[in-house]
Amino acid sequence: MAALCRGRHRWKRTNCLYVLTRNLTGTKWGLGGTCVNVGCIPKKLMHQAALLGTAVKDAKKYGWQISGPVCHDWSTMAEAIQNHIRSLNWGHRVQLQDKKVKYLNIKGSLVDEHTVKGLTKAGKEMIFTAKNIVIASGGRPKYPTNIPGAIEHGITSDDIFWLKKSPGKTLVVGASYVALECAGFLTGIGLDTTVMVRSIALRGFDQQIAGLVTDYMETYGTKFAWKCVPKRVDKLSSGALQVTWTDTQTGSENKDTYDSVLWAVGRAPETKALGLDKLGVQLNKETGKIVLGADESTSVSNIYAFGDIGEGRPELTPTAVKAGKLLARRLAGQSTELMNYDSVPTTVFTPLEYGCVGLSEEEAEKRHGKDGIEVYHAFYKPLEFTVAERDASQCYIKVVCEQGGDQKILGLHFTGPNAGEVTQGFAMGFQCGATYSHLLQTVGIHPTCAEEVVKVNITKRSGLDATVTSC
């Protein structure tokens, strides 16, 4: 929570920006928020650890002589990643000092629309007044409250990246991108990993692609318990966790033991303890998120919010960073530019990465009608997979376009190596109104996976085989 201050408080400063962070329950960390401490950064590094394990297997096909078994040491990886995170924490603190921003590591709440109360660890109360108040308190993973033993014996993504010892055999409950990413890198470093899915995987993403991602994970070694719901978690005398669940398709009850149970069943915004109800700040009653205008304003004129706590906002770090910068410039009177939340690219860092920007096929069809869209697609084989003799049957490209006119591109979906790097480049085209014609006019870089995007020419409607056979 940041207060753009101009007025009284116990430390007599004026014309300043105060940044207050809140001490929450569970794993605690330094500056940088979810992304730096328990999100994008450690996730990508552990994903990289898993990719290196696959690369070691591929290396033998490429002539590398590797003698003896290759194994992974969790503590070595965890220590290195945690040290890197601490360096980022320090870097953020230095940046605040350089910009003359006062950082207060205290718990903040709102007294009224211009007053923030801070409480230190020692119990000391501090009062700040401000013309404008900005809330960016983010969210935390949710635990199911109706499953006995879930909270007592489970962990979340907040915890997995800070474990000093290997989580061992792990059950991941949930099928969001967080769940699949965690399950993917755990499998990749050699751990017995199962994903328990209540309904569908990657809700909100293109469901054809979601199926390819989970199909690849199953061949990769991740186990899936489809259409299953956990009932309870019990800790046995051996220390193992016994999970009881119901198969909703058959009605049967099943049990198995695990070393760790990781809950990835959604996130909750950190809004409850801020005192927003007293001020009349409008929240979505179902999600608890703050209802925002296009300029990140709340229902109280001088209180603003951005990031994961905003209703309908993408829970993505780069989106929050950009929205925050634009908001700061508007509040400082330097700009009137608003955040554009359309066509925000993202990547799911599963064993087979999935990058996308724009609409899913389902959403495009919903908005434009089945006859109003044209879908170009291709199954391709990355050159790196050939010598290694790796299965590429889930490497796929889908370009969703408007049917008429210049065929404006509505969505682009890519599964394969370095999906984030590929998608980032094409995402800029969406800001420029890219069309299918533009795609065809683009010269590919050979030999790359990205060049297959500019070569797509088979439509789903044609029913022709979309497998790429040339180099």
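Which residue in β9 is the bridge partner of Leu171? The partner is Thr194.

This is a predicted model in which local features need pLDDT of at least 70 and side-chain atom pairs count only at pLDDT 80 or more, while totals for chains, interfaces and linings use all residues. Residues are numbered from 1 along each chain as its sequence is written, and side-chain values use heavy atoms, with hydrogens and water left out.

**Strand β8**

Helices (H or I, at least four residues) and strands (E, at least two) are DSSP runs numbered from the N terminus. Strand β8 spans residues 170-173 and is joined by four bridges to β9 (residues 193-197), the two running parallel. Four bridges also join β8 to β14 (residues 260-263), again in parallel; here Val172 has Leu262 as its bridge partner. Two strands pair if DSSP finds at least two bridges between them. Both faces of β8 are covered, with Thr170 and Val172 buried on one side and Leu171 and Val173 buried on the other. Buried means under 20% relative accessible area, exposed over 50%, and partly exposed in between (1.4 Å probe, protein chains only). In a regular strand the side chains alternate between the two faces of the sheet.

β8, α6 and β9 form a right-handed β-α-β unit: with the strands pointing away from the viewer, the path from the first strand over the helix to the second runs clockwise.

Buried residues of α3 include Trp74, Met77, Ile81 and Asn89. Their cover includes α1 (33-38), α2 (40-61), β3 (102-105), α5 (157-160) and α6 (177-188). In α2, the buried residues include Pro42, Met46, His47 and Asp58, and the buried set packs against elements including α1, α3 and α7 (207-220).

**Nonpolar cores**

A nonpolar core is a set of buried Ala, Val, Leu, Ile, Met, Phe, Trp, Tyr and Cys residues joined through side-chain atoms within 4.5 Å. The largest has 41 residues, and those with the most contacts inside it are Trp74, Ile160, Phe161, Leu180, Leu202 and Tyr354. Its largest share, six residues, comes from α6. A second, separate core of 27 residues includes Leu352, Tyr380, Cys449 and Val453.

Not counting residues up to four places away in sequence, Trp74 touches residues including Met46, Ile160, Leu163, Pro167 and Leu186, where contact means heavy atoms within 4.5 Å.
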